[in-house]
Amino acid sequence: MTVILPAPRGSLGTGTGLLWLRDMLRIRRFEETCAQLYSETKIRGFLHLYIGEEAVAVGTMEALTPDDSVVATYREHGQALLRGIPMKVILAEFYGRAEGCCRGRGGSMHLFDRTRRFFGGNGIVAAGLPVAVGLALAERMQSGGPGRFGDPGHVGDNVVACYFGDGAVAEGEFHESVNLAALWRLPVVFFCENNQYAMGTALARSHSQTNLAIKAASYEVPAWQVDGMDVEAVASAAARAVEAVRNGAGPHFLELLTYRFRAHSMYDPDRYRDKGEIERWRARDPISILADRLREAGALDDAGMRGIEDDVAAEIAAAVAFAEAGQPESVADLTRFVTSEGGQP
Amino acid sequence: MSVGTRAVPTGAATGTYREALREAMRDALRRDDRVFLMGEDVGAYGGAFAVSLGLLEEFGPDRIRDTPLSESAFVGAGIGAALGGMRPIVEIMTVNFSLLALDQLLNNAATLLHMSGGQYNVPLVVRMTTGAGRQLAAQHSHSLEGWYAHIPGLRILAPATIDDARGMLWPALEDPDPVLIFEHGSLYNVSGALSDPPAEVDICHAAIRRPGADLTLVTYGGTLPLTLDAAQLLAAEGCDAEVVDLRVLRPLDTATFLESVRRTHRAVVIDEGWRSGSLAAEVSARLMEEAFDDLDAPVGRVCSAEVPMPYARHMEQAALPSADKVAEAARRVLAGG
Ligand SMILES: Cc1ncc(C[n+]2csc(CCOP(=O)(O)OP(=O)(O)O)c2C)c(N)n1
Ligand SMILES: [Mg+2]
């Protein structure tokens, strides 16, 4: 049932490749800046960096349209940026400012943007999966298609993309949600970001079956393992899965094999893995892999790379200036948004 | 003071609390395409307490959705469906099993609006059975609505009358935020007048179910009938007790019971939850904070004994509030101060 997809070769359109490179660099450099700002105590609380995993978000989100929905985890800065939430608004959120995408109420773990159908930013491991299934159910019920066991799928649904880690697969909510989505043939695509660790717990120390795609496949969900360090492989697998889901084939599951180069969060002293392992994965840095391929193809040179880096640096500088100038929300507003304004009399 | 039932019924048929709940769902399903029901055994079985009996036949399996035994997933899916524009009614078989969905209710339903800085409200209604009294032993007899009433962002309703069973669902569905409705298992077979057209009820205020001058009995849900019985016992002794039905456990309508106690100067709070950290504790704390000078005696409380609910009937009865225990507590409060 599970298939490890090889990275397709020679299919890389160089225009797309350069955009992917740029997107990965935006995430990488933005988060490097955030780490710096964290050590300067401009950013507080938990901060979970995505560095090393950029190809996963870039390759998968390529397959989505603005009408699709995205549900992510606390490690969602990449998805938030790619969804189009302005970097400055994300950084203002990290600064706890009123200009942040959630007015500073959410912080780095809870980025939301209603206009972009970005549904968080969930800090409870696996808690986004049931919500994603429900969004897909709403999609199905509103599109007028059937959504029951045994029914044929419905063509043309918007898709819900649900991101979660390898750790989440050990939670009951993963199993409940994948089963429910399959049972009702809902338009949801499960993107499992398998970065080999749940905090300090290595995959093999929490999963009796370390091939996570097999678990999803046992629910009659088409499931593949994909090289998550190769953005082309990710994009081609995601395109295939999302297209199938959109065409009524029911939920799909991709296990994206990746690695976080940094600690779990800024609190983590990273004592549980050896440096050699980190180095081996760094040798497969998704940004270098793509950049090398683009250079080979003659689509990128040093000047081109510098141009992208300069653009990204300018965007980050503007974001920092914006966040620095941001204002704290008035304490008088503390209890707003507990319930809807203009709700019950 | 405000009374929950406002409209004057023009005609009345007899019905049960269960039928009133079913009628409320039927009405909502007819009125609004976005409304659907989902939960364990709500369809083919007709609901564990037969509340949804017949709805599958009438509305079909898309709108009356049987779910697997996955409380967290189907409550979370209710949240997602609500975010996606639907108006789900999620039935959790009983409050005991809601613990498997507690994370979704607390960390998602109740918090999304605030965490998102006001962007994502969750128009979800969750119904569940609560309470003891049917010899179902420790794991099937909880009264945990007081726990849920602790949570900012949720509205908690406890219909204790047939009119409330009939009337609370629609305003709950109109509420832009999550609403939990607790139906006490002992009430399903209670029958009485079913107002026609249905009485209009709000989901904001407590109601005075029996006016009185000498003492205020504050309660809600499954303990309302026995509290009214206690008021009868007291009446025979010359004490005229007022009975306040909280109806809405969050946000608590403090004004109604405060106003009552300012007139009667004495209060007993009756709550099937465990005494420590109970809703009764909250009501009595508010009375102490806001009506201290009006009280002629310390506030009394009748709650469940702090034991896991025993199976044997005599032991279960010993653990639960009863009309006699309420009357006894009232006599102590009347004698004090
Ligand atoms: C239900 C729950 N349990 C524990 C935690 C604490 N925690 C936060 S992240 C995490 C590891 C999750 O690992 P994984 O799902 O692989 O995601 P990753 O952080 O690797 O992206 C843990 C245990 C939590 N947030 N939620
Ligand atoms: Mg992980």
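In this predicted model, strand S2 of chain A, residues 69-73, is largely enclosed by the rest of the structure, because five of its five residues are buried. The burial holds for both faces of S2(A): A:Ser69, A:Val71 and A:Thr73 cover one side, and A:Val70 and A:Ala72 the other. In a regular strand the side chains alternate between the two faces of the sheet.

S2(A) has two pairing partners to consider here. Strand S4 of chain A, residues 160-165, runs parallel to S2(A) and is joined to it by three bridges. Within that pairing, A:Ser69 has A:Val160 as its bridge partner. Strand S3 of chain A, residues 118-122, also pairs with S2(A) in the parallel sense, over three bridges. In S3(A), A:Phe118 stands opposite A:Val70.

Most residues other than glycine have a negative phi, and most peptide bonds are trans. The bond from A:Gly120 to A:Gly121 is cis, with omega near 15 degrees, and A:Gly121 belongs to strand S3 of chain A. In the loop between S3 and H5 of chain A, A:Ala126 has a phi near 80 degrees, a positive value in a residue other than glycine. A:Ala126 is buried, because 24 other C-beta atoms lie within 10 Å and the cut-off for burial is 20 or more.

Ligand 1 has 14 residues around it, and the closest are A:Val125, A:Gly165, A:Asp166, A:Gly167 and A:Ala198. Sorted by class, this shell holds six nonpolar, five polar and three charged residues.

The next topic is the contact between the chains. Chain A contributes 39 residues to it and chain B contributes 38 residues. On the side of chain A that touches chain B, helix H5 (128-143) and helix H6 (172-183) of chain A are the elements that give two or more residues. H5(A) supplies the largest share of that side, with 11 residues. The residues on this side of chain A comprise 19 nonpolar, 12 polar and eight charged.

Chain B is divided into domain 1, residues 11-196, and domain 2, residues 207-335. Taken over C-alpha atoms, the centres of these two domains are separated by 26 Å. Each domain puts residues into the contact between them, 22 residues from domain 1 of chain B and 22 residues from domain 2 of chain B. On the domain 1 side, helix H7 (145-148), strand S6 (155-157) and strand S7 (179-184) of chain B each supply at least two residues. The largest share of that side comes from S6(B), with three residues. By class, the domain 1 side divides into 11 nonpolar, eight polar and three charged residues.

A cis peptide bond also occurs in chain B, joining B:Asp196 and B:Pro197 with omega about 0 degrees. B:Pro197 is placed in the loop between strand S8 (191-196) and strand S9 (207-210) of chain B.

Within chain B, B:Ala82 is part of helix H3, residues 71-83. B:Ala82 counts as buried because it has 28 C-beta neighbours inside 10 Å. Although B:Pro123 is 41 residues away along the chain, its C-alpha atom and that of B:Ala82 are separated by 5.4 Å. Leaving out residues up to four places away in sequence, B:Ala82 touches B:Arg87, B:Pro88, B:Val122, B:Pro123 and B:Leu124.

The largest nonpolar core has 207 residues, and those touching the most other members are A:Val133, A:Cys162, B:Leu217, B:Val268, B:Val326 and B:Ala330. This core lies between domain 1 (11-196) and domain 2 (207-335) of chain B, because both give residues to it. For B:Leu217, the contacts beyond four places in sequence include B:Val268, B:Val326 and B:Ala330. Among its other contacts are B:Thr227, B:Ala230, B:Ala231, B:Ala241, B:Glu242, B:Val243 and B:Ile270.

Key: Residues are numbered from 1 along each chain as its sequence is written. Chains are lettered from A and ligands numbered from 1 in the order in which they are written. This is a predicted model: local features need pLDDT of at least 70, side-chain atom pairs count only at pLDDT 80 or more; totals for chains, interfaces and linings use all residues. A nonpolar core is a set of buried Ala, Val, Leu, Ile, Met, Phe, Trp, Tyr and Cys residues joined through C-beta atoms within 7 Å. A residue is buried if 20 or more other C-beta atoms lie within 10 Å of its own, exposed if 12 or fewer, and partly exposed in between; C-beta atoms are placed from the backbone. Domain bounds come from an automatic or database domain assignment. Two residues are in contact if their C-beta atoms, placed from the backbone, lie within 7 Å. Helices (H or I, at least four residues) and strands (E, at least two) are DSSP runs, numbered from the N terminus. Ala, Val, Leu, Ile, Met, Phe, Trp, Tyr, Cys and Pro count as nonpolar, Asp, Glu, Lys and Arg as charged, and the others, Gly among them, as polar. A residue is near a molecule or strand if its C-beta atom, placed from the backbone, lies within 6 Å of it. Two strands pair if DSSP finds at least two bridges between them.
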